[in-house]
Amino acid sequence: MEQTIVKLHNVTKKIGKRTIIDRLTLDLPLGEVFGFLGPNGSGKTTTIRMMVGLMSLTDGEITIGGHSITKEYEKAIRHVGAIVENPEMYKYLSGYDNLIHYARMIPGITEHRVHEVVKLVGLEGRIRDKVKTYSLGMRQRLGVAQAILHKPQLLILDEPTNGLDPAGIRELRDYLRMLSKDEGIAVFVSSHLLSEMELMCDRVAIIQNGKLIDVRTIKGKDAVTDSSRVVIEVDQQKSAMEVLRAAGFVGEHVGTEAVAVEADKESTAAINASLVAAGIKVYGIRAQVKTLEDQFLEVTGGERIG
Amino acid sequence: MGNFMPLIQNENMKIYRRPRTWVMTGILVLLVLTISILWLIFGERSSTSMWDVAFMESSILFLLVTIFTVVIAAGGVAEEFTSGTIKLLLIRPWSRSKILLSKYLSIIIFALMLAVVLFASTLLINWICFGINANPEVKATFVGLEGVNPFSYMLKYYGLTLISLVVTVTLAFMLSTIFRSSGLAIGFALFLLLGVNSFIGLIALLGYKWVDYLLFVHLNLTQYLDGNPMREGMTLGYSLGVLGVYYVLFIALTWYVFNKRDVAS
């Protein structure tokens with residue numbers, strides 16, 4: 001059902017004796033925002049460079065839309081839009097001329113489309129100015145503009161939220177979701193900003209030291225587990241623990257004025273009722289959802305470069 | 001895939017939208033004007049042929065054309081790397097070879113344009129300064145042999161220097177691609193051009209056989225115009241052959257390196 005646009009198969013990159021990317025295998029479906037998460041130096045940018053043909057592969061294969069990136073480069077890259085690292089533009093040209101420059105390289109992009117894209121990224125007011133007068137955020141917007149100019153089926157963005165203000169990040173997020181859901185394109189976003197990825201992506205691949213460690217679904221039903229850790233603030237920790245034990249739960253001390261327990265929605269309410277019945281004051285109940293950050297640190301064991 | 005012209009258009013835009021290109025062209029025309037006016041002030045108009053002034057200016061200022069073109073050629077690929085724009089340039093449905101070709105052609109076009117500007121401005125300015133109502137008795141003296149048409153002599157001169165210019169530009173373009181640093185490419189190319197060229201006359205005196213194969217012995221083709229080549233027995237055909245071999249070598253190396261290279265900044 002899901003249509004795969006990109007296939008990475010056993011992708012390996014060696015520079016000298018160092019293995020930068022080690023047998024990476026990954027499929028990206030259309031219509032999803034796919035996150036690519038890893039600490040600094042884990043090989044995110046190298047992988048992206050290989051996907052867009054800027055770097056050669058030592059071993060393995062990458063196909064985009066069924067075309068091999070090494071053997072049929074021009075066909076494979078035709079439906080890809082990308083920003084690799086920072087969106088570097090020709091500073092001595094205006095934003096508009098930069099877009100015209102890229103528009104000329106792909107047949108069928110009309111001037112109307114260029115204006116449409118400019119409007120979409122909100123640069124109408126400054127598009128005729130030279131790029132050297134732009135702020136980082138404006139350059140980032142221009143970078144997005146050149147990447148979506150030819151309505152690609154795969155959009156690759158390397159650290160796209162760099163330099164954007166909160167409003168800009170939100171806008172970008174909404175726009176990427178719109179692109180993936182409404183236009184059905186695949187969006188591949190790399191970042192080390194975990195909280196950002198959590199909000200933006202449907203799925204996240206975690207990479208460390210050039211190895212794929214895990215692929216996790218962020219949104220959708222498999223992400224929500226029925227039971228989660230619930231922290232209950234109480235006035236008498238000891239009695240609360242006894243009540244929990246009597247009700248058949250394994251409690252856990254949190255600080256001096258709270259207990260934690262694994263419970264689903266219904267049992268949380270039941271626990272609350274029995275605590276109140278036992279004369280214990282309940283100040284607060286909160287479910288502790290594991291953030292992606294926790295998962296990430298859990299999986300990668302903190303950041304280690306090398 | 002598709003039409004190649006837009007790529008050339010892009011590269012031209014990157015050359016001609018920069019002020020430095022016009023500053024260079026302006027300097028060239030201004031120098032022609034200055035020399036002619038100074039000649040007019042300090043020399044004698046009635047006894048000067050416009051052709052002599054035009055030829056003298058051409059031979060001096062063509063060096064400037066070469067330097068300016070080397071600067072542009074050396075920047076061509078290197079600046080895309082230093083600014084990081086190479087990444088966005090290469091991820092388009094064009095092979096690297098074609099992108100490089102568009103760059104190379106636009107630089108060759110620039111070299112031709114600058115040479116034409118020099119040729120036209122020396123002729124026009126000197127016609128205005130010395131040519132109008134000139135004494136028909138005054139003959140051009142630079143042509144050497146009596147009765148040679150100065151215009152066709154100058155065309156030949158430009159033709160031969162343009163061949164050298166193309167080889168020099170290709171060398172600078174190659175250095176730019178290999179070093180990915182415009183400063184290094186400009187410096188190296190100009191060092192070879194100015195430094196080596198100034199003592200090549202000495203090297204040419206050496207009796208060794210390998211001197212015959214040195215690029216710089218052949219780079220100045222105008223040595224054949226007046227029939228006194230740098231080394232005995234050298235002919236124009238031989239020099240063109242050696243230059244041709246170097247040219248193919250430069251082009252092959254440039255394209256090979258550009259196609260093979262991993263783009264990482």
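This is a predicted model: local features need pLDDT of at least 70, side-chain atom pairs count only at pLDDT 80 or more; totals for chains, interfaces and linings use all residues.
**Exercise 1. Chain B as a whole**

Task: State how many helices and strands chain B has, and describe its extent and burial.

Solution: 
- Chain B has nine helices and zero strands, and its pattern along the sequence reads α-α-α-α-α-α-α-α-α.
- Along the principal axes, the C-alpha trace of chain B spans about 65 × 45 × 30 Å.
- Of the 265 residues in chain B, 33% are buried.
- Taking the contacts in chain B with a separation of 6 or more, 82% are between residues 24 or more positions apart.

**Exercise 2. Packing of H2(B) on H3(B)**

Task: Determine how helix H2 (residues 19–42) and helix H3 (residues 50–83) of chain B are oriented, and which residues make the contact.

Solution: 
- The two helices pack at an angle of about 155°, and their axes are 11 Å apart.
- Angles over 145 degrees count as roughly antiparallel, so H2(B) is roughly antiparallel to H3(B).
- The crossing of H2(B) and H3(B) is right-handed.
- From H2(B), the contact residues are B:Met24, B:Leu28, B:Leu31, B:Val32, B:Ile35, B:Ser36 and B:Trp39.
- H3(B) contributes B:Val53, B:Glu57, B:Leu61, B:Leu64, B:Val65 and B:Phe68.
- Sorted by class, this contact has 11 nonpolar residues, one polar and one charged.

**Exercise 3. The side of chain B that touches chain A**

Task: Work out how many residues of each chain are in contact, and which helix of chain B gives the largest share of its side.

Solution: 
- The contact involves 25 residues of chain B and 27 residues of chain A.
- On the chain B side, the elements giving two or more residues are helix H1 (5–16) and helix H4 (85–90).
- H1(B) supplies the largest share, six residues.
- By class, the chain B side has 11 nonpolar, eight polar and six charged residues.

**Exercise 4. The two sides of H8(A)**

Task: For helix H8 (residues 237–246) of chain A, identify the buried residues and the exposed residues on the other side, then say what the buried ones pack against.

Solution: 
- The buried residues of H8(A) are A:Ala240, A:Val243 and A:Leu244.
- These residues cover an arc of only 100° around the axis, and therefore lie on the same side of H8(A).
- On the other side of H8(A), A:Lys238, A:Arg245 and A:Ala246 are exposed.
- The buried residues of H8(A) pack against strand E11 (228–234), strand E13 (258–263) and helix H9 (265–277) of chain A.
- Just after H8(A), A:Gly248 has a positive phi of about 90°.

Key. Residues are numbered from 1 along each chain as its sequence is written. Chains are lettered from A and ligands numbered from 1 in the order in which they are written. Axes are lines fitted to C-alpha atoms, for helices over the stretch in contact, and angles run from 0 to 180 degrees between N-to-C directions. Helices (H or I, at least four residues) and strands (E, at least two) are DSSP runs, numbered from the N terminus. Angles under 35 degrees count as roughly parallel, over 145 as roughly antiparallel, 65 to 115 as roughly perpendicular and the rest as oblique. A crossing is left-handed if the near helix is turned anticlockwise from the far one by less than a right angle, and right-handed if clockwise. Two residues are in contact if their C-beta atoms, placed from the backbone, lie within 7 Å. Ala, Val, Leu, Ile, Met, Phe, Trp, Tyr, Cys and Pro count as nonpolar, Asp, Glu, Lys and Arg as charged, and the others, Gly among them, as polar. A residue is buried if 20 or more other C-beta atoms lie within 10 Å of its own, exposed if 12 or fewer, and partly exposed in between; C-beta atoms are placed from the backbone. The arc is that of the directions from the helix axis to the C-beta atoms.
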